[in-house]
Amino acid sequence: MVSALGNGVKGGRWYGLMDKVYAPATLSAAWRKVRAKGGAAGVDGQSIERFAARAEEYLCELGADLRTGSYRAQPIRRVEIPKGDGQTRPLGISTVKDRIAQAAVKLVIEPIFEAMFLPGSYGFRPGRGCRDALREVDGLIREGYAFAVDADLRSYFDSIAHERLMERVATRISDGRVLDLLRAWLGQDIFDGLERWTPMQGTPQGAVISSLLANLYLHPLDERLAGRGYRMVRYADDFVVLCRSQEEAVAALAEVRDWVEANGLALHPDKTHLGDCRQPGQGFEFLGYRFEAGRRWVRKKSLDRLKDKVREKTRRTRGDSLARVIADLNPMLRGWFGYFKHAHHTSFPRLDSFIRRRLRAFLRKQEKRPGFGQCKADHRRWTNDFFAQAGLFALHAACLAARGSR
């Protein structure tokens, strides 16, 4: 895309981009991305399915509005979703049409910013993901970068300063109409129940364009630390700086703190610390894992979240057969193991035992017998082999198979 836009750049700044945004091919590609991701309706009540029924007509209307400058973004519907620790986080739901417009702009401008983003940034970037970031962390620890600065930005998406963000956008984008669109999306009114307000800062989590803008806002931090020789691995607003000594880690934390405060952000005082991750009790958590005592573990929150999902699918009052319950469990267990298979092997037998105990309690309930599936008689009747023959995915067996194939 950058090479295709080559005629529209002067001095490293891009202009004349708007015609690429409302081009039918761009809008069609944007619609495919929005449709594939799905999601709830915005404030206008129009679902993905309703838009799809007249997609060609609606895309023509959107293209005309963007071309003539009559496009106006609608307010964002705000909902609270659980975080897994008893708390919630806000999620902004734009209308389908606004999502498509944002996706079209992102398709055009993302390659421009991708060309300058640094290798240590992994979140929400094409061809990069959590596994790549975790692999980088593993490699750095093996190379001796064991002193970790584990920093947590408090309410990052809600704290981004609009003017600072737009200044960073303007270092590469000079098309006024594209800049106006971005400003309009940053200033979209928010509906939360009966309340309505205009945000003075922040970019809503859940908006299509937010991930790119959030990465752009933190890009100067990436540059600052890399320029001073620090090894930072960042996934969106979740990052860790890995150092060779305690003194280097202390200096890195000071650099992070100075930059964060100068850019209108704040570190969470209770979730920011440093330590030697080779030592027990001094580890850090990153992307669902805990790195401690020279090993990689599944962090407690990730374990608890899996157990909650298993409990939901194995309710004793569920009126399904064992085969149906196992068929419901297995895709979830396979997906979970696919991500956490690099954790220490001792994590998996305990989880297998928990899952089988839930299933034994479920089978007891079907026979109208109280109990939690923990007695020896239940273990003799419904053995581990019984569940294996029933097709239950076993995490420990999968771990052994994965280790044997390396």
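Visitor: Which residue in E12 is the bridge partner of phenylalanine 286?
Guide: Within E12, that bridge partner is tyrosine 289. This is a predicted model, in which local features need pLDDT of at least 70 and side-chain atom pairs count only at pLDDT 80 or more, while totals for chains, interfaces and linings use all residues. Residues are numbered from 1 along each chain as its sequence is written, and side-chain values use heavy atoms, with hydrogens and water left out.

Visitor: How do you know that E11 and E12 pair as strands?
Guide: Two strands pair if DSSP finds at least two bridges between them, and strands themselves are DSSP runs (E, at least two residues; helices are H or I, at least four residues; both numbered from the N terminus).

Visitor: What makes E11 and E13 the edge strands?
Guide: The open sheet has 3 strands in the order E11-E12-E13, with antiparallel pairing. Strand E11 (284-286) and E13 each pair on one side only, and they are the edge strands. Neighbouring strands of this sheet are turned by 30° against each other on average, direction ignored; here the axes are lines fitted to C-alpha atoms, for helices over the stretch in contact, and angles run from 0 to 180 degrees between N-to-C directions.

Visitor: Why is alanine 293 called partly exposed?
Guide: Buried means under 20% relative accessible area and exposed means over 50%, with partly exposed in between (1.4 Å probe, protein chains only). Alanine 293 has a relative accessibility of 36% and therefore counts as partly exposed. This residue lies in the loop between strand E12 (289-292) and strand E13 (295-298), and its phi is near 55°, a positive value in a residue other than glycine.

Visitor: Why is alanine 390 called partly exposed, and with which residues is alanine 390 in contact once its neighbours within four places in sequence are left aside?
Guide: The relative accessible area of alanine 390 is 36%, so the residue is partly exposed. Contact means heavy atoms within 4.5 Å, and apart from those sequence neighbours alanine 390 is in contact with Leu322 and Ile326. Alanine 390 and leucine 322 are 68 residues apart in sequence, yet their C-alpha atoms are 8.3 Å apart in space. The loop that holds alanine 390 runs between helix H16 (384-389) and helix H17 (395-404).

Visitor: What is the order of the 4 strands in the open sheet that includes E8 and E9?
Guide: The order is E8-E9-E5-E10, and the pairing is antiparallel. The edge strands, each of which pairs on one side only, are strand E8 (231-235) and strand E10 (273-276), and the twist from one strand to the next averages 20°.

Visitor: How many bridges pair E8 with strand E9, and in which sense?
Guide: E8 and strand E9 (residues 238-243) pair over 5 bridges in the antiparallel sense, with methionine 232 standing opposite valine 241 in E9.

Visitor: Which helix lies across E8 and E9, and which lies across strand E5, E9 and E10?
Guide: Helix H10 (residues 210-227) lies across E8 and E9 and runs at about 170° to E8. Helix H11 (residues 246-262) lies across strand E5 (147-152), E9 and E10, running at about 145° to E9.

Visitor: How do you know that strand E3 pairs with strand E6?
Guide: There are 2 bridges between strand E3 (residues 76-82) and strand E6 (residues 190-192), which run parallel, so the pair meets the criterion of at least two. Isoleucine 76 stands opposite isoleucine 190 in E6. E3 is also joined to strand E4 (residues 88-93), by 6 bridges and in antiparallel fashion, and the bridge partner of arginine 77 in E4 is isoleucine 93.

Visitor: How many residues does the protein have, and what share counts as buried?
Guide: The protein has 406 residues, of which 47% count as buried, and its secondary structure comes to 17 helices and 13 strands.
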